[in-house]
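Visitor: I am new to this structure and would be grateful for a guided introduction. May we look at the surface and the pockets in turn?

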Amino acid sequence: MPYGLYLSAAGAHAQDQRLRTLSHNLANVETPGFKPQETILQARFAELIERGEVSEGLSGADDLGGGVTIQPTQTAFDVGPIQVTGRKTDFAIHDREAFFVIQHGEEQMMTRAGEFVLDSRGYLVTQNGHQVLASDGSPIQLQSDRPFDVGPQGTLIQGNNRWSLMLAKPKQLGDLEHLGGNLFKPTKSFDLVSPQERDVVAGSLEKSSVRPTTAMMELIETSRVYEANVQMIKNQDNLMGSLVGRLLQ
(Lines give C-alpha, C1' and ligand atoms only; values in the text may rest on other atoms or scores of the structure.)
Protein backbone atom coordinates (compact mmCIF):
# COMPACT_ATOMS: atom_id res chain seq x y z
CA MET A 1 0.00 0.00 0.00
CA PRO A 2 1.39 3.50 -0.84
CA TYR A 3 2.52 5.29 2.30
CA GLY A 4 0.12 8.20 1.82
CA LEU A 5 -2.85 5.86 1.55
CA TYR A 6 -1.77 4.16 4.78
CA LEU A 7 -1.55 7.47 6.66
CA SER A 8 -4.93 8.66 5.40
CA ALA A 9 -6.59 5.34 6.18
CA ALA A 10 -5.19 5.40 9.73
CA GLY A 11 -6.47 8.96 10.16
CA ALA A 12 -9.93 8.09 8.85
CA HIS A 13 -10.15 5.08 11.16
CA ALA A 14 -9.17 7.16 14.22
CA GLN A 15 -11.67 9.91 13.40
CA ASP A 16 -14.40 7.32 12.81
CA GLN A 17 -13.85 5.96 16.32
CA ARG A 18 -13.94 9.48 17.72
CA LEU A 19 -17.21 10.15 15.88
CA ARG A 20 -18.74 7.07 17.51
CA THR A 21 -17.66 8.20 20.97
CA LEU A 22 -18.93 11.76 20.52
CA SER A 23 -22.25 10.50 19.13
CA HIS A 24 -22.64 8.23 22.17
CA ASN A 25 -21.97 11.18 24.48
CA LEU A 26 -24.57 13.33 22.73
CA ALA A 27 -27.12 10.50 22.87
CA ASN A 28 -26.77 10.55 26.68
CA VAL A 29 -27.03 14.29 27.21
CA GLU A 30 -30.26 13.73 29.19
CA THR A 31 -29.09 10.63 31.09
CA PRO A 32 -28.77 11.43 34.83
CA GLY A 33 -25.27 10.91 36.18
CA PHE A 34 -23.78 10.16 32.75
CA LYS A 35 -20.04 10.75 32.38
CA PRO A 36 -18.77 11.39 28.83
CA GLN A 37 -16.04 9.34 27.20
CA GLU A 38 -12.98 10.99 25.72
CA THR A 39 -11.08 9.65 22.72
CA ILE A 40 -7.29 9.85 22.94
CA LEU A 41 -5.38 10.10 19.65
CA GLN A 42 -1.64 9.52 19.56
CA ALA A 43 0.93 10.03 16.83
CA ARG A 44 2.67 6.86 15.69
CA PHE A 45 6.28 6.32 14.73
CA ALA A 46 7.04 4.80 11.38
CA GLU A 47 6.86 1.00 11.28
CA LEU A 48 10.64 0.48 11.15
CA ILE A 49 11.08 2.65 14.25
CA GLU A 50 8.36 0.77 16.12
CA ARG A 51 10.10 -2.49 15.24
CA GLY A 52 13.41 -1.11 16.51
CA GLU A 53 15.17 -1.38 13.13
CA VAL A 54 15.70 2.39 12.77
CA SER A 55 16.37 5.03 15.43
CA GLU A 56 14.00 7.97 15.76
CA GLY A 57 15.08 11.53 15.05
CA LEU A 58 17.25 10.74 12.02
CA SER A 59 14.96 12.80 9.73
CA GLY A 60 15.32 10.30 6.93
CA ALA A 61 12.75 8.57 4.75
CA ASP A 62 12.14 6.02 7.50
CA ASP A 63 11.27 8.74 10.03
CA LEU A 64 8.24 10.27 8.34
CA GLY A 65 5.79 9.14 11.02
CA GLY A 66 3.14 6.48 11.00
CA GLY A 67 -0.02 8.57 11.16
CA VAL A 68 -2.21 8.38 14.26
CA THR A 69 -3.45 5.60 16.45
CA ILE A 70 -6.35 5.58 18.88
CA GLN A 71 -5.89 4.80 22.56
CA PRO A 72 -8.55 3.31 24.90
CA THR A 73 -11.24 5.83 25.75
CA GLN A 74 -11.13 7.58 29.10
CA THR A 75 -14.00 8.86 31.23
CA ALA A 76 -14.32 12.51 32.30
CA PHE A 77 -15.61 12.41 35.87
CA ASP A 78 -16.60 16.08 36.23
CA VAL A 79 -19.68 16.68 38.37
CA GLY A 80 -22.72 17.42 36.21
CA PRO A 81 -25.26 20.17 36.90
CA ILE A 82 -27.31 19.56 40.06
CA GLN A 83 -31.07 19.91 39.54
CA VAL A 84 -33.45 20.33 42.47
CA THR A 85 -36.38 17.94 41.96
CA GLY A 86 -38.03 17.86 45.39
CA ARG A 87 -38.52 14.09 45.15
CA LYS A 88 -37.59 12.26 48.35
CA THR A 89 -35.87 9.39 46.57
CA ASP A 90 -33.67 11.57 44.35
CA PHE A 91 -30.12 11.97 45.63
CA ALA A 92 -27.11 13.87 44.29
CA ILE A 93 -23.45 13.54 45.30
CA HIS A 94 -21.31 16.67 45.21
CA ASP A 95 -18.02 14.77 45.64
CA ARG A 96 -16.76 13.86 42.13
CA GLU A 97 -15.00 10.70 43.36
CA ALA A 98 -17.90 9.17 45.30
CA PHE A 99 -20.55 6.82 43.90
CA PHE A 100 -23.75 5.08 44.95
CA VAL A 101 -23.45 1.30 45.12
CA ILE A 102 -26.11 -0.98 43.65
CA GLN A 103 -26.60 -4.73 43.37
CA HIS A 104 -26.31 -5.84 39.77
CA GLY A 105 -26.88 -9.58 39.66
CA GLU A 106 -24.14 -11.14 41.76
CA GLU A 107 -21.90 -8.06 41.58
CA GLN A 108 -21.79 -4.63 43.16
CA MET A 109 -21.75 -1.79 40.66
CA MET A 110 -21.39 1.96 41.01
CA THR A 111 -23.43 4.83 39.62
CA ARG A 112 -23.77 8.59 39.98
CA ALA A 113 -27.43 8.50 38.95
CA GLY A 114 -29.46 8.98 42.15
CA GLU A 115 -32.86 8.82 40.42
CA PHE A 116 -34.18 6.09 42.70
CA VAL A 117 -37.73 4.78 43.21
CA LEU A 118 -39.52 2.30 45.47
CA ASP A 119 -40.63 -0.90 43.79
CA SER A 120 -43.78 -2.89 44.63
CA ARG A 121 -42.01 -4.61 47.55
CA GLY A 122 -40.66 -1.39 49.03
CA TYR A 123 -37.07 -1.83 47.84
CA LEU A 124 -35.20 1.29 46.83
CA VAL A 125 -34.10 0.61 43.25
CA THR A 126 -32.63 2.33 40.22
CA GLN A 127 -34.64 3.14 37.11
CA ASN A 128 -33.54 -0.27 35.77
CA GLY A 129 -34.71 -2.13 38.87
CA HIS A 130 -31.33 -2.72 40.54
CA GLN A 131 -31.43 -2.60 44.33
CA VAL A 132 -29.67 0.28 46.06
CA LEU A 133 -27.40 -0.78 48.91
CA ALA A 134 -27.20 0.64 52.41
CA SER A 135 -23.92 1.40 54.15
CA ASP A 136 -23.92 -2.09 55.70
CA GLY A 137 -24.16 -3.73 52.26
CA SER A 138 -27.80 -4.80 52.52
CA PRO A 139 -30.59 -3.65 50.18
CA ILE A 140 -32.80 -0.84 51.44
CA GLN A 141 -36.39 -2.01 51.95
CA LEU A 142 -39.11 0.24 53.33
CA GLN A 143 -42.76 -0.48 54.03
CA SER A 144 -44.34 1.04 50.97
CA ASP A 145 -47.67 1.69 52.74
CA ARG A 146 -46.08 3.81 55.45
CA PRO A 147 -44.61 7.34 55.21
CA PHE A 148 -40.89 7.91 55.47
CA ASP A 149 -38.55 10.85 55.76
CA VAL A 150 -35.11 11.66 54.41
CA GLY A 151 -32.39 12.94 56.68
CA PRO A 152 -29.10 14.69 55.96
CA GLN A 153 -26.23 13.07 54.04
CA GLY A 154 -28.30 10.44 52.27
CA THR A 155 -30.37 8.80 54.99
CA LEU A 156 -33.90 7.41 54.92
CA ILE A 157 -35.96 7.17 58.09
CA GLN A 158 -39.12 5.16 58.69
CA GLY A 159 -40.25 4.71 62.28
CA ASN A 160 -37.34 3.35 64.29
CA ASN A 161 -35.52 2.20 61.17
CA ARG A 162 -32.76 4.26 59.60
CA TRP A 163 -30.73 3.53 56.45
CA SER A 164 -27.74 5.38 55.06
CA LEU A 165 -26.99 5.05 51.37
CA MET A 166 -23.71 3.29 50.70
CA LEU A 167 -21.22 5.72 49.24
CA ALA A 168 -17.98 4.33 47.85
CA LYS A 169 -14.78 5.71 46.41
CA PRO A 170 -12.45 3.76 44.14
CA LYS A 171 -8.81 4.09 45.10
CA GLN A 172 -8.34 5.60 41.63
CA LEU A 173 -10.98 6.67 39.14
CA GLY A 174 -9.11 4.59 36.58
CA ASP A 175 -10.21 1.50 38.54
CA LEU A 176 -13.73 1.91 37.12
CA GLU A 177 -14.85 0.25 33.90
CA HIS A 178 -17.57 2.18 32.07
CA LEU A 179 -20.32 -0.29 31.17
CA GLY A 180 -22.36 2.24 29.20
CA GLY A 181 -25.03 4.65 30.31
CA ASN A 182 -24.40 5.67 33.92
CA LEU A 183 -23.12 2.34 35.25
CA PHE A 184 -19.55 1.55 36.31
CA LYS A 185 -17.90 -1.69 37.35
CA PRO A 186 -15.10 -1.49 39.94
CA THR A 187 -12.13 -3.53 38.76
CA LYS A 188 -10.37 -3.34 42.13
CA SER A 189 -11.37 -3.03 45.77
CA PHE A 190 -12.88 0.29 46.84
CA ASP A 191 -13.23 2.31 50.05
CA LEU A 192 -16.44 3.39 51.75
CA VAL A 193 -16.92 7.10 52.35
CA SER A 194 -16.66 7.92 56.05
CA PRO A 195 -19.66 9.58 57.79
CA GLN A 196 -17.67 12.82 58.12
CA GLU A 197 -16.99 13.02 54.38
CA ARG A 198 -20.44 12.23 53.00
CA ASP A 199 -21.55 15.01 50.65
CA VAL A 200 -24.94 13.88 49.35
CA VAL A 201 -28.25 15.71 49.38
CA ALA A 202 -31.82 14.46 48.90
CA GLY A 203 -34.37 16.07 46.59
CA SER A 204 -31.73 16.77 43.94
CA LEU A 205 -30.36 14.94 40.93
CA GLU A 206 -27.05 15.12 39.09
CA LYS A 207 -27.64 15.55 35.40
CA SER A 208 -25.36 14.42 32.58
CA SER A 209 -22.00 16.19 32.54
CA VAL A 210 -21.96 16.26 28.73
CA ARG A 211 -21.73 19.85 27.46
CA PRO A 212 -23.97 19.72 24.37
CA THR A 213 -22.53 22.78 22.60
CA THR A 214 -18.93 21.67 23.06
CA ALA A 215 -19.73 18.09 22.07
CA MET A 216 -21.55 19.26 18.92
CA MET A 217 -18.62 21.47 17.89
CA GLU A 218 -16.24 18.55 18.38
CA LEU A 219 -18.55 16.33 16.35
CA ILE A 220 -18.56 18.78 13.43
CA GLU A 221 -14.78 19.18 13.60
CA THR A 222 -14.21 15.43 13.70
CA SER A 223 -16.62 14.86 10.81
CA ARG A 224 -14.71 17.33 8.65
CA VAL A 225 -11.33 15.75 9.48
CA TYR A 226 -12.77 12.32 8.68
CA GLU A 227 -14.07 13.57 5.31
CA ALA A 228 -10.68 15.16 4.56
CA ASN A 229 -8.92 11.84 5.15
CA VAL A 230 -11.41 9.99 2.95
CA GLN A 231 -10.92 12.59 0.20
CA MET A 232 -7.14 12.15 0.45
CA ILE A 233 -7.61 8.40 -0.02
CA LYS A 234 -9.68 9.05 -3.14
CA ASN A 235 -7.16 11.54 -4.54
CA GLN A 236 -4.23 9.17 -4.01
CA ASP A 237 -6.16 6.27 -5.49
CA ASN A 238 -6.98 8.34 -8.60
CA LEU A 239 -3.35 9.41 -8.87
CA MET A 240 -2.12 5.83 -8.65
CA GLY A 241 -4.71 4.80 -11.24
CA SER A 242 -3.50 7.51 -13.60
CA LEU A 243 0.15 6.49 -13.17
CA VAL A 244 -0.63 2.84 -13.78
CA GLY A 245 -2.68 3.78 -16.83
CA ARG A 246 0.20 5.75 -18.33
CA LEU A 247 2.64 2.92 -17.74
CA LEU A 248 0.36 0.49 -19.56
CA GLN A 249 -0.11 2.71 -22.59
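Guide: A definition is needed before the surface is discussed: patches are made of residues with over 30% relative accessible area and no salt bridge, and nonpolar side chains are joined within 5 Å. Please note also that this is a predicted model.

Visitor: Which residues form a nonpolar patch on the surface?

Guide: The patch has about 270 Å² of accessible area in total. One of its members, L243, is found in helix α3. The residues that form the patch together are L239, M240 and L243.

Visitor: Does L243 count as buried, partly exposed or exposed, and why?

Guide: Buried means under 20% relative accessible area and exposed means over 50%, with partly exposed in between. The relative accessibility of L243 is 42%, and therefore L243 counts as partly exposed.

Visitor: Which elements each supply at least two residues of the lining of the largest pocket?

Guide: The largest pocket holds about 330 Å³ of space. Its lining comprises 17 residues, and N25, P36, Q37, E38 and E218 lie nearest the centre. By class, the lining has 6 nonpolar, 6 polar and 5 charged residues. The elements that each supply at least two lining residues are α1 (3-27), β1 (37-43) and α3 (212-248).

Visitor: How many charged residues does the lining of the second largest pocket have?

Guide: The second largest pocket has about 190 Å³ of space. Its lining includes P32, I102, E115, F116 and H130. By class, this lining has 5 nonpolar and 6 polar residues, and the number of charged residues is 1.

Conventions: Residues numbered from 1 in each chain as written. Predicted model: local features only at pLDDT ≥ 70, side-chain atom pairs only at ≥ 80, totals over all residues. Heavy atoms only, no water. 1 Å grid on protein atoms, 1.4 Å probe; cavity = no way out; pocket = protein on both sides within 12 Å on 5 of 7 lines; lining within 4 Å. Points joined across faces, edges and corners; volume = space filled by probe spheres on them. Helix = DSSP H or I, 4+ residues; strand = E, 2+ residues; numbered from the N terminus. Nonpolar A, V, L, I, M, F, W, Y, C, P; charged D, E, K, R; others polar. Patch = residues over 30% accessible without salt bridge, like charges linked within 9 Å, V, L, I, M, F, W, Y side chains within 5 Å. Areas by Shrake-Rupley, 256 points an atom, 1.4 Å probe, with all protein chains shown as cover. Salt bridge = Lys/Arg side-chain N within 4 Å of Asp/Glu carboxyl O. Buried < 20%, exposed > 50% of the residue type's maximum accessible area, 1.4 Å probe, protein only.
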